[in-house]
Amino acid sequence: MSDTTAQPANDHGHDPHLAHHFDTPQQQFTSGKIGMWAFLVTEILMFSGLFLLYAVYRANHYDMFVVGSAFLDTNLGALNTVVLLLSSFTMAWAVRTAQLGKRNATVVLLALTLLGAAGFMGIKYMEYSHKLHLGVGPGNFFDPSDEVILPEPEPSGIIEEEPTRELREVAQAAESNSDSDPAAIEEEPRTTLPQPHRAEPGISAEARYHSFAEYTHTTAHASTHGEHHVPQFRRERLMSARPFFSIYFGMTGLHGIHVLVGMGLITWLLIRAARGTFGPQYYTPVDFVGLYWHLVDLIWIFLFPLLYLIH
Amino acid sequence: MSDDNHSHPTVGHVVSLKVLIVVILALLALTWLTVFVADPAFDLGRTGNVVLALGIALAKAGLVAMYFMHLRYDNPLNGLFLIAALLFVVIFLGITISDVSEYQPDLREAEQAQQAAP
Amino acid sequence: MTRFNDQLGAFDHAAELRGDNYLTHSRGLMSWLFTLDHKRIGVMYLVGILGSFFLGGVMALLIRTELIAEGQTILPAIGDKTWEDTYNQVFTLHGAIMVFLFIIPGIPAALGNFILPIMLGAKDVAFPKLNLTSWWLYMFGAVFAVYAIVSGGLDTGWTFYTPYSTAQIQGSDVYYAMQGVIPITAGAFILGFSSILTGVNFIATIHMLRPPGMTWFKMPLFLWGLYATAIIQILATPVLGITLLLLIVERAGLIIVFDPAKGGDPVLYQHFFWFYSHPAVYIMILPAMGVISEMISTHSHKHIFGYKFIAFSSVAIALLGFLVWGHHMFTSGQSVMASAIFSLLTFFVAIPSAIKVFNWLATMYKGSISVNAPMLWAMSFIWVFSIGGLTGLFLGALSTDIHLHDTYFVVAHFHYVMVGGTVFALLGGLLHWWPKITGKLYHQGAAIWAWVVIFIGFNLTFFVQFMLGAKGMPRRYAHLTADALAELGIAEANLLYLKVGNAISSFGAYIQAIGFFMFAGVLAYSMFRGRRSPANPWGGASLEWQTPSPPPHHNFETTPIAHDPYDFDGIEYDEEIDGYVRTQPADS
């Protein structure tokens, strides 16, 4: 039996940053990274549920996405993407300067990252308030204002078939069901199935139009002419697009909450960096918050095209 | 512990600034690209559009993961964690989407039955 | 007898004589509530787990007392609800408490936290502060859950199926769930995070804190079980998180995705829910199987048979377990195509479990078996878990499940695997490691009697439920009226069968209760009056037996050298200390 002792585990050496249960700083750092990546895995799986919601509704109720994306401003979405990417860049750079012990640079870069995050949230706030103003909010906040409802059957250039008996019945039922209280539930318990399944009786949106250009007429207006043009749709079509807004607010909302948490973490880092806590011996918190921030960016990289770039 | 003169951290790898700049420029370019191809002129049909958009997003994500998140320079185990997570997301989404699509006809049948005898 | 001390410094005799161990290291409530010591955290979890088991058990006794005879027996009507509503609350709380507060945290939190680092010869888990956070999250989640009981009640079943659970009380919904939905799902969400953080901790610990010489295949199998469990914890639990979050937000009226009356899809909810909840049952059983591997091998004084098979089967179960969730949804509206695929995959996931059973039996074969209380729990686990597992096949087969779904056959199946499986392993493991945790021995005879009573009571309660289910008795019914019988297609002639069966089952439940009290009594007596335990009372070969009972604060004075954790050849009984010592160097 060998007499060699393993490195005594209570030899702290000179490193105040080495926890007592680790043998070497390398072991501690690698363990931390593994733990952080395991945590990121959980975040990915959590958001995956929302991507699944998106996918099943898109696969089976495509029209609601066409309607919904008319209310989303591609320019703002792209701007948000750029802002977040740049903040990821400044964050990655901040990790580098922390590793190199450049205190002032680290503080500046973290501040820029925070600024980017704030900018993102500001743009988000504008988008949300605009939608709520139009009455296309999530859940019980979905009560479209008259601005977005088409008063006549068609805007110019789009051809649609004569409403079938079913659709007329549905339209009448929708009219009689509409109530003035925005917080109350839309429908009453019904013995017939609800509108979403009927408004699109198996015919895809494209088939109803003569050409793709005509089909995109409504949506193209909204996205190229900025927010000033308010998209308009027939009431039934808008009502059946209702789940889209739940999905939109759900996905961007949960993402937004993560951005806010990230802002808190970055602020914490900023304070510590200003005090000179970080350097080549110890920069782990910057590294790990950076990983979190990059994940937040990653999720937006997927959210942006899926929500904003459908036409 | 403030402005240390050590240029090498005790542990971990430092990404060069040049790499970071190249990556952010690539990301911005890809962002411009994805908006550009979203124009109706590039329509590839419902599925095609999604595939293209996700493809570009995947490229962007890959750059962020490899360089900003250090996976290129890290213990391969970390990258394995990411791949495993994505694999299970694919399983979850794939099976559920196919089931939901499969039972849509059953839903319509039930609708029609209810209409027939309300 | 020459004692061969192969763990340099592992026996800190001076400390042992001083009585200085993790329990005496520091004093006061705060030193426990804010401890970073994994051993103390494990003990605190144990208290919480056993308390939750008691609470869930009270609910179980209420259910069985209600069902002992036809019609209203004991449950009162509360407020303006009926007594049947009260029944719905009782079985919902039984399920939710047992699943989220007891069995999912269960073995990893209570036994794993304590034993894992010591088995690795480490000083602690990788992230001790995160560990403490996990415990605090567990306590907060538990508070929410208990609050749900008293605040609004909860009657959805532990699965919270929509649209009943999301139906809002105001407006036009005719049927709506009680108000406790949000507190309990919020509590479950918090508990999910506790589970996730434990998983993160264990993964990092097992990857990085193994001692020199301990390769992956030199680890004790309990650690393979915990590792496989941790994989599931980080992959599956977040999906439960988003599911519950969506449920809460939908119930609050902020989104609409699961309610069909408003354009949502309730089957989609079930996909979300079971994607977590099926792998969750493997979170429940994999640590238990790990404990069994340790107990069978140690008490047979024989090297585990088929180490690699058992190790790989743990990971196989973890991974395959993600592919079968739809077998909970065969009658829900899921497409036939998906149901058929899930049914086929379910048969595959049974294989690795069977592999373990055969390896355990092979381990016992020609072993020198000590028939003590822990071993009895372990051996009975094999028998009872096999019954549970085999009956799972009836449920996995699409054609038979159509008839058995939502009957007592299902109830019997999962109680056989969860109680007969996990609880037996927990109780056995508790007895196996009790001397290590407390430094005290317990009365073997009394412990064996407790096992006898629980074993008899358990089988009496649940075996008859297979038959009741096969006859058509449905789950979650407070009582069976003549109309209900007709609707279910149960012939009137079978009513007597059902009555007698339920009475037997309830009788068995009382016997179990007596047995659990006996078990608690054995442990309580040991805590106050038990004899001091030697370091190695059973002759185990893994590293936890190389440190005193109870261990010192730092577990080991110097990092131990790894060796084969199942090499019993050099371990012999020493009468002087009434324990085992190593007399020859271990194989590496």
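This is a predicted model: local features need pLDDT of at least 70, side-chain atom pairs count only at pLDDT 80 or more; totals for chains, interfaces and linings use all residues.

Me: Why is Asp74(B) with Lys33(A) called a salt bridge?

Reply: The closest N and O atoms of Asp74(B) and Lys33(A) are 3.5 Å apart. The cut-off is 4 Å between a Lys or Arg side-chain nitrogen and an Asp or Glu carboxyl oxygen, so the pair qualifies. Across the interface of chain A and chain B the rule finds 1 salt bridge, and there are also 5 residue pairs in polar contact, both partners at pLDDT 80 or more.

Me: Which elements make up the side of chain A that touches chain B?

Reply: Those giving two or more residues are H1 (25-60), H3 (74-99), H6 (195-199) and H11 (284-308) of chain A. The largest share, 21 residues, is from H1(A). By class, this side of chain A has 38 nonpolar, 21 polar and 9 charged residues.

Me: How much area is buried between chain A and chain B, and what part do carbon and sulfur atoms give?

Reply: About 5,700 Å², with carbon and sulfur atoms giving 73%. The contact takes 68 residues from chain A and 60 from chain B.

Me: What makes Phe381(C) stand out in the largest nonpolar core?

Reply: That core has 308 residues, and Phe381(C) and Phe71(A) are those with the most contacts inside it. Helix H9 (residues 266-300) of chain C gives the most to this core, 20 residues. Leaving aside neighbours within four places in sequence, Phe381(C) is in contact with residues including Ile285(C), Met289(C), Trp360(C) and Phe424(C).

Key. Residues are numbered from 1 along each chain as its sequence is written. Chains are lettered from A and ligands numbered from 1 in the order in which they are written. Side-chain values use heavy atoms; hydrogens and water are left out. Contact means heavy atoms within 4.5 Å. Buried area is the accessible area (1.4 Å probe) that two parts lose on being put together, summed over both. A polar contact is a pair of N or O atoms within 3.5 Å; within protein, one must be able to donate a hydrogen and the other to accept it, and residues adjacent in sequence count only if both atoms are side-chain atoms. Helices (H or I, at least four residues) and strands (E, at least two) are DSSP runs, numbered from the N terminus. Ala, Val, Leu, Ile, Met, Phe, Trp, Tyr, Cys and Pro count as nonpolar, Asp, Glu, Lys and Arg as charged, and the others, Gly among them, as polar. A nonpolar core is a set of buried Ala, Val, Leu, Ile, Met, Phe, Trp, Tyr and Cys residues joined through side-chain atoms within 4.5 Å. Buried means under 20% relative accessible area, exposed over 50%, partly exposed in between (1.4 Å probe, protein chains only).
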